[in-house]
Amino acid sequence: IGLPDERELGGLEVSAAIRRLGGNAPVYARMLRSFLKDLPQHLDQAGQQTLATDWSAASMSMHTLKGLAATIGARELQSAAALAEATFRRAPPEGVARELMARVRGLAESLRTQVGPWAAGFALDAAPSSVPPSAAALPLRASLQALLGALRQSDMHALDLLEPLRGDPALRPLPQWLELEAAVDALDFDRALALCEHWLRELPS
């Protein structure tokens, strides 16, 4: 898949991020679109936390943003979120917190503006990543148990383990699947872990 120059995408390190995912461009594309879609809500939440001087929650929000930005290759946003995270832990003066949030928001909005139109169509026509026939043939319980193990370790291999399930048409209408897929694509492994455990408990023995 041809990739534009990083300078055209505001410095987004697409190639390096895809390499970290084992070359799986479709998985990266889904993660990137999920990240950009959820970014405004995430920033609004962090902004409300700083206004309420809830520094523990604000620091955690910046920690989450830092990790997500690193995964998609947004280094500048990652660095700004890391600085905000460390500063919020120390309960900074209101003016300092406002400046840090303004910096994070500015970088995030620039990223959405520059990357959004390209991300909307990136890898949509790519062939899905190949999975071993044995993995594709695993029963649902075995697939979820394998996924559960990766989620417990916060292992990015969870993205690969989800691929065989994406190809199962019987799962697509299920709310359990839709929630789990969204959580993994958003790299919210804590929520994905809880959803996976709950689904396994619901399955017949």
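View 1. Not counting residues up to four places away in sequence, Ser59 touches Glu85, Phe88 and Arg89, where contact means heavy atoms within 4.5 Å. Ser59 has its place in helix α3 and, at 7% relative accessibility, counts as buried (buried means under 20% relative accessible area, exposed over 50% and partly exposed in between, with a 1.4 Å probe and protein chains only). The model is a predicted one, in which local features need pLDDT of at least 70 and side-chain atom pairs count only at pLDDT 80 or more, while totals for chains, interfaces and linings use all residues. Residues are numbered from 1 along each chain as its sequence is written, and side-chain values use heavy atoms, with hydrogens and water left out.

**View 2. The chain and its helices.** The chain holds ten helices and zero strands, and along the sequence these follow the pattern α-α-α-α-α-α-α-α-α-α; helices (H or I, at least four residues) and strands (E, at least two) are DSSP runs, numbered from the N terminus. Of the 205 residues in the chain, 44% are buried. Among contacts in the chain with a separation of 6 or more, 66% are between residues 24 or more positions apart.

View 3. Leaving aside neighbours within four places in sequence, Tyr28 is in contact with Leu12, Val14, Ala17, Ile18, Leu21, Thr71, Ile72 and Phe122.

**View 4. Leu32 in helix α2.** Leu32, found in helix α2, is buried, with a relative accessible area of 1%. Apart from residues up to four places away in sequence, Leu32 touches Leu12, Ile72, Val115, Trp118 and Ala119. Between Leu32 and Ala69, which stand 37 residues apart in sequence, the C-alpha to C-alpha distance is 9.4 Å.

**View 5. The largest pocket.** The largest pocket has a volume of about 770 Å³, a volume being the space filled by probe spheres set on the points, which are joined across faces, edges and corners. Two or more lining residues come from each of α2, α3 (55-72), α9 (175-185) and α10 (189-202), and α3 gives the most, with nine residues. The lining has 29 residues, of which Thr64, Leu68, Ala186, Leu187 and Asp188 lie nearest the centre of the pocket. By class, 13 are nonpolar, nine polar and seven charged (Ala, Val, Leu, Ile, Met, Phe, Trp, Tyr, Cys and Pro count as nonpolar, Asp, Glu, Lys and Arg as charged, and the others, Gly among them, as polar).

**View 6. The second largest pocket.** This pocket has a volume of about 210 Å³, and the residues that line it include Gly47, Trp55, Pro92, Pro93, Arg98 and Met101. Helices α2 and α5 (94-121) each supply at least two residues of the lining, with α5 giving the most, five residues. The lining divides into six nonpolar, three polar and three charged residues.

Note on methods: 1 Å grid on protein atoms, 1.4 Å probe; cavity = no way out; pocket = protein on both sides within 12 Å on 5 of 7 lines; lining within 4 Å.
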